[in-house]
Amino acid sequence: MTQIELKVFLCNIIMIKKIEHLGIAVKNIEASTKMYETLLGKPAYKSEKVESEGVNTLFFELGESKIELLEATNTDSPIAKFIEKKGEGIHHIAYDVDNIEAEIKRLQEEGFELIHQKPKDGADQKKIAFLHPKSTGGVLVELCQDR
Ligand code: ZN
């Protein structure tokens, strides 16, 4: 196997698989839920409070991906700070990975700045880690793996 073949082989094992969800910061999750139900023509399938992140979340399924609405539960929440600075809108892109530890290691070696060096528990039965937007062209990136 050549170096390139080996790289392609390894990438196929551990690479980022798909967009798992888009995270959207909202001021009022009830109002936004109604709007998204009308927009997407279907109800949300799950809501969940993530105490550690200070957020209420709500998920819509959309083919292979999801839309995650995020509302702050307190003023220290990253979502409260995001809305204060930028207003409501797209907050992060979450990529689905098979092995989050391996991806964290690979991306660190490639020079990306990780907000979380180790995965933590997120909403929707996921292990998650965020990459700093400084190293990803201004986009907050979440890696997630099924727990
Ligand atoms: Zn997310």
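H21 counts as buried because its relative accessibility is 4% (buried means under 20% relative accessible area, exposed over 50%, partly exposed in between, with a 1.4 Å probe and protein chains only). The model is predicted: local features need pLDDT of at least 70, side-chain atom pairs count only at pLDDT 80 or more, and totals for chains, interfaces and linings use all residues. Residues are numbered from 1 along each chain as its sequence is written, and side-chain values use heavy atoms, without hydrogens and water.

H21 lies in strand β1 (residues 18–25); strands (E, at least two residues) and helices (H or I, at least four) are DSSP runs numbered from the N terminus. Leaving aside neighbours within four places in sequence, H21 is in contact (heavy atoms within 4.5 Å) with K66, E68, H92, I93, A94, E142 and C144. Its side chain makes these polar contacts, each a pair of N or O atoms within 3.5 Å, where within protein one must be able to donate a hydrogen and the other to accept it, and residues adjacent in sequence count only if both atoms are side-chain atoms.

| Side chains | Polar contact |
|---|---|
| H21 and H92 | 3.4 Å |
| H21 and E142 | 3.1 Å |

E142, in β8, stands opposite F130. Strands β7 (residues 126–131) and β8 (residues 141–146) pair in the antiparallel sense over six bridges; pairing requires at least two bridges found by DSSP between two strands.

The eight strands form an open sheet with mixed pairing, in the order β2-β3-β4-β1-β5-β8-β7-β6. Its edge strands, β2 (46–50) and β6 (120–122), each pair on one side only.
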